[in-house]
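Here is a short briefing to read with the structure open beside you.

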Amino acid sequence: MWDTIFPYLLSGISVGGQYALIAIGYTMVYGILRLINFAHGDVFMVAGIIMVYIAASGVPLWVSVPAVLVITALVGFLIERVAYKPLRTAPRMSAMISAIGVSYTLQNLVLYITGGLNKQYPAIPLISDSIKIGSATTKVVTVVTPVLVILLVVALVTLINKTKIGMAMRAVSKDFETAQLMGIKINSVISTTFVIGSFLAGVGSVLYFTNYPTVIQTSGAMPGLKAFVAAVFGGIGSIPGAVIGAFIIGIMENLIKGLDVILFKAGLITKPLGLAIFSDAFTFALLIIILVVKPTGLFGEKTTDKV
Amino acid sequence: MSELDVKVVPDVETAGETVLKLEHLTMQFGGVIAVNDFSMHIDKGEIVALIGPNGAGKTTAFNCVTSVYQPTKGKIYFHGKEIGSEKLHMTPDKVTAQGIARTFQNIRLFSGMTVFENIMTAMHLRRKSNLFTQVFHLNAEEERANRQKAWKLLETVGLTDVAEEMATSLPYGKQRLLEIARALATNPTLLLLDEPAAGMNPQETDELGEFIVRIKKEFDLTVFMIEHHMNLVMDISDRIYVLDFGKPIANGTPEEVQQNPVVIAAYLGSEEIDAPVGRPPKAEESRASQPKQAEAPLQGASAPIEVAEGEEEVEEA
Amino acid sequence: MMKKEKKPALITWIIVAVIYAAVFVAEQVLPPTSMLFTVLKKGATYALVAVSMNLLNGFTGIFSLGQAGFMMIGAYVYGIFTIPVESRPVVYQYYDGGLIQFTVPVVVALVLAGLAAAFFAFLIGLPVLRLKSDYLAIATLGFAEIMRVLIQWNNMGPLTNGSNMLRLYPSFNDFNIKDASGNVTVYLSTLVPFLIAGVCIGLIVLLLNSGYGRALKSIRDDEIAAEAMGINLAHHKRLAFCISSFFAGVGGAMLAMYQTTVQAKFFTTAMTYEILLIVVIGGVGSVTGSVLSSFLFVAASEWWLRFLDEKQMIGNFEVPLLRNGFRLVVFSIIIMVVVLFFRKGIMGTKELPDLFRRKRKEAAK
């Protein structure tokens with residue numbers, strides 16, 4: 001029984017870690033701007049495409065990976081400056097529409113550049129190699145991901161709790177206007193948030209596309225939405241919440257993918273039910289349930305809204 | 001005066017027919033007790049004012065009456081029927097349907113609509129037509145009656161000339177009048193006014209006082225208002241309740257309240273009162289520790305209090 | 001008392017009548033393969049869907065992103081109930097001809113499509129409509145994704161044909177009147193979608209102009225004040241959600257007719273985004289704007305900007321950048337410019353009759 005479940009669990013942890021890296025970007029931006037950055041999943045996809053093209057130019061790995069991360073961070077920075085900054089005083093709906101517009105633009109831009117074809121993601125030595133753990137054969141990346149996620153999250157939490165810019169971020173997320181009045185440079189805080197979020201999405205994309213090695217303009221949509229659900233599940237605005245939510249969603253999703261096999265091996269069903277296709281739908285069902293039962297998520301703070 | 005020094009003063013019964021009754025109303029937000037053990041009542045045909053320093057919990061009390069908040073403790077009765085308690089939470093529209101209408105401290109008009117449409121919207125509540133008859137315009141008679149009534153209401157508040165203007169393009173004072181007219185369009189028997197004179201000059205305030213008395217008669221209303229302009233309060237109120245730190249510290253007729261040393265102390269402590277009309281009490285009587293502050297505000301006899309705040313109460317969704 | 005001006009309404013009616021007459025005449029005169037008709041058919045479909053979305057997002061202030069999901073429900077219900085019985089074994093070839101073995105008239109199927117979408121809206125609305133703006137957006141989007149997967153589920157196959165397409169049901173071209181030898185005598189394939197969309201949009205306009213319409217707008221403007229004026233928020237939001245979904249369902253059925261095939265994977269989140277952007281370009285809170293921008297959007301993407309997707313030569317000079325996909329890039333940029341700099345869109349909150357109206361002040365007595 002365990003042998004049946006273990007491989008699904010393992011890939012669940014891995015993909016959960018990759019969702020976590022995207023989810024942090026959502027949760028940080030929402031914490032500060034109260035904006036669902038619908039384009040964040042597409043930033044993740046763009047990071048994948050950039051890697052494809054940089055690797056194709058033949059530069060060595062120790063150049064291409066850092067280059068991807070830097071360019072992705074820059075993309076995030078530019079998106080904020082061009083599409084969100086002008087709308088800072090506009091109604092919330094406008095910023096959300098702008099985010100949807102950016103998502104649409106990025107997808108179309110990539111469609112144009114790639115001609116709408118699936119692009120093969122370059123194999124990255126070391127993490128692309130196969131490894132055998134217990135009953136499961138998998139790529140090294142599966143094992144590397146959770147470790148890397150934990151390291152990055154610890155670094156990020158330290159940054160937020162110990163540094164000056166981190167303190168500014170916390171202040172802004174608590175009270176935007178007061179923070180501004182206290183002399184905090186709102187724009188640089190917001191930019192930093194987008195840079196960090198996009199950087200982590202870049203890291204996530206390197207790990208994710210090593211496992212699912214083709215990139216197309218729509219590749220970011222589903223992981224993006226799932227990461228957002230993870231952020232809501234964990235309590236939007238909370239980084240540990242987003243990470244835990246992402247792992248839970250990653251694991252559940254993969255268990256559902258294997259549910260037919262698991263149930264069959266356990267003797268509970270005699271023919272497959274085709275439940276695997278519900279792995280995506282499950283995420284959204286979970287979202288609706290959590291929003292109805294506990295809208296603040298697992299670790300979210302109760303928001304105070306003026307009536 | 002600190003919060004702990006405030007003593008709850010019980011409600012005093014009166015002879016009339018009770019319209020609204022609060023029993024030990026308490027509203028707590030987290031650690032903040034915005035309204036604390038507040039009992040009061042209003043009789044039919046009265047104008048009752050609720051006064052108190054900023055942050056005393058006046059608007060919160062209003063919000064409990066109109067079911068925007070569910071009270072933490074206590075009961076609210078309207079015409080003898082329970083409309084809110086720690087167990088019973090109606091939605092605000094149900095309360096309005098019972099016959100309680102209100103205005104807001106920070107004006108809340110429908111910004112995307114004209115003055116006329118704002119009034120028409122408030123009449124949706126008493127509709128006899130349904131979705132089908134409305135969509136296919138089978139309710140012409142009702143619609144005509146409603147339009148006539150809306151027009152009459154605009155005449156009452158003197159806004160017919162701006163009927164087709166966008167509501168939010170009106171000057172401040174007219175917006176307040178429109179809010180009152182809109183509240184009247186729901187056919188209330190009890191009208192709650194949250195600082196109707198805020199931002200008005202003395203002359204406008206006087207006119208507003210006359211206006212409130214007039215609509216009270218014309219529409220057979222009972223009026224419950226929060227107000228900072230003491231002249232207005234003293235002029236038109238039958239009785240007054242005073243809140244401080246959420247607790248009722250005094251009640252009675254205007255004369256009784258303005259001579260009540262506890263009230264004076266509460267206002268002076270928070271450095272804001274429009275001078276009470278009538279004999280000023282001696283300084284040492286009210287606040288021995290701050291005699292200087294006691295003098296200054298007592299002299300300006302008619303200047304209205306600056307109300308600087310946008311939203312007064314501790315509010316939480 | 002106030003008097004309503006009659007003239008603007010009259011002019012509007014004349015304009016609408018002229019448009020319908022022009023569509024009818026054009027269809028008899030121009031070759032049926034003309035790009036114009038593709039644009040008009042798809043434009044009419046999108047106009048209805050965009051207006052239904054505007055009813056929620058623009059007039060009630062509910063930011064919903066479930067439109068593609070409700071369209072999909074409508075499209076499937078239409079397809080399922082109108083595929084001729086003799087064609088079912090071919091369509092449902094993997095499911096023994098499918099579960100349902102009868103057909104209903106097209107008009108009935110359209111209404112059923114709307115009702116089914118409204119029914120699902122009612123169900124999902126119970127939990128979801130209590131949520132705040134952005135959470136509601138993501139929850140409705142999630143709902144659409146769930147429905148998409150559910151329809152494609154193998155075990156639903158006898159009803160929905162699983163992930164295979166539905167086809168061979170009546171499409172717009174079947175409205176053309178033919179003589180005995182099969183030649184078309186009167187072309188109606190464009191007029192019919194115009195009529196369906198026209199009736200539906202007309203109903204929405206009637207709703208918006210009624211007391212219920214005012215109630216919805218008051219919720220958009222200020223929920224707290226609306227509730228204090230006695231408007232039951234839950235009831236009216238649910239009403240708007242169900243009505244909007246009803247017409248999205250009808251719009252989905254129209255899209256099915258336009259495309260002649262239906263497949264769940266076609267109704268993606270991207271489709272919802274596209275419709276939302278149409279609404280924004282037209283003006284959030286303007287029915288006229290949504291209609292105009294639907295036709296503009298479809299015309300630009302299917303017709304006017306097509307040249308951007310192909311190599312173009314000016315003399316011997318090859319215009320750079322032009323190749324497959326460039327049209328969409330240009331499109332995206334136009335949309336971003338509108339979103340960022342022309343936030344009111346084409347019409348703002350104005351409607352067609354407003355354009356012929358004297359200043360508001362004079363209109364009041």
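## Helices of chain C

In chain C, the buried residues of α14(C) pack against α12 and α13 of chain C, together with α4 of chain A. Please keep in mind that this is a predicted model.

- Helix α14 of chain C covers residues 326-341, which makes 16 residues. The distance from its first C-alpha to its last is 22 Å, close to the 22 Å expected at 1.5 Å a residue.
- The buried residues in α14(C) are Phe326(C), Arg327(C), Leu328(C), Phe331(C), Ser332(C), Ile335(C), Val338(C) and Val339(C).
- Helix α13 of chain C runs over residues 287-304 and has 18 residues. At 1.5 Å a residue it should span 26 Å, and the 24 Å between its end C-alpha atoms agrees with this.
- Which residues of α13(C) are buried? They are Val287(C), Thr288(C), Gly289(C), Ser290(C), Val291(C), Leu292(C), Ser293(C), Ser294(C), Phe297(C) and Val298(C).
- The cover over the buried residues of α13(C) includes α2 (35-60), α8 (191-209) and α12 (269-282) of chain C.

## Where chain A meets chain C

- On the chain A side, 37 residues are in contact with 38 residues of chain C.
- Three helices of chain A, namely α4 (92-114), α9 (221-234) and α12 (278-293), each supply at least two residues of the side that touches chain C.
- The largest share of that side comes from α4(A), with 15 residues.
- By class, the side of chain A that touches chain C has 26 nonpolar, nine polar and two charged residues.
- On interfaces in general, the size is often given as the accessible area lost when the parts come together.

## Chain B: overall make-up and domains

- Chain B has 12 helices and 10 strands.
- Of the 317 residues in chain B, 48% are buried.
- Taking the contacts in chain B between residues at least 6 apart in sequence, 68% join residues at least 24 apart.
- The domain assignment of chain B gives domain 1 as 1-99 + 188-317, and domain 2 as 108-187.
- How many residues does each domain of chain B bring to the contact? Domain 1 gives 10 residues and domain 2 gives 10 residues.
- On the side of domain 1 that touches domain 2, α2 (92-98) and α7 (202-218) of chain B each supply at least two residues. By class, this side has seven nonpolar, two polar and one charged residues.

## The sheets of chain B

- Strands of a sheet in general pair through backbone hydrogen bonds, either parallel or antiparallel.
- One open sheet of chain B has four strands in the order β2-β1-β4-β5, with antiparallel pairing.
- Its edges are β2 (32-43) and β5 (81-85) of chain B; each has a single partner strand, so one side of each is left without a neighbour in the sheet.
- Neighbouring strands of this sheet are turned against each other by 20° on average, direction ignored.
- Strand β1 of chain B, residues 18-29, pairs with β2(B) in the antiparallel sense over eight bridges. Lys21(B) has His41(B) in β2(B) as its bridge partner.
- An open sheet of six strands in chain B has the order β6-β7-β8-β3-β9-β10, with mixed pairing.
- At the edges of this sheet are β6 (100-102) and β10 (247-252) of chain B, and each pairs on one side only. Its neighbouring strands are turned by 20° against each other on average, direction ignored.
- Strand β7 of chain B, residues 190-194, pairs with β6(B) in the parallel sense over three bridges. The bridge partner of Ile100(B) in β7(B) is Leu190(B).

## Two residues with positive phi

- Arg34(A) is not a glycine, and its phi is positive, near 50°. Arg34(A) lies in the loop between α1 (2-33) and α2 (40-56) of chain A.
- Is Arg34(A) buried or partly exposed? Arg34(A) is partly exposed, with 17 other C-beta atoms within 10 Å.
- His79(B), also not a glycine, has a positive phi of about 50°. The loop between β4 (73-78) and β5 of chain B holds His79(B).
- With 16 other C-beta atoms within 10 Å, His79(B) is partly exposed.

Definitions and conventions: Residues are numbered from 1 along each chain as its sequence is written. Chains are lettered from A and ligands numbered from 1 in the order in which they are written. This is a predicted model: local features need pLDDT of at least 70, side-chain atom pairs count only at pLDDT 80 or more; totals for chains, interfaces and linings use all residues. Domain bounds come from an automatic or database domain assignment. Two residues are in contact if their C-beta atoms, placed from the backbone, lie within 7 Å. Ala, Val, Leu, Ile, Met, Phe, Trp, Tyr, Cys and Pro count as nonpolar, Asp, Glu, Lys and Arg as charged, and the others, Gly among them, as polar. The expected span of a helix is 1.5 Å times one less than its number of residues. A residue is buried if 20 or more other C-beta atoms lie within 10 Å of its own, exposed if 12 or fewer, and partly exposed in between; C-beta atoms are placed from the backbone. Two strands pair if DSSP finds at least two bridges between them. Axes are lines fitted to C-alpha atoms, for helices over the stretch in contact, and angles run from 0 to 180 degrees between N-to-C directions.
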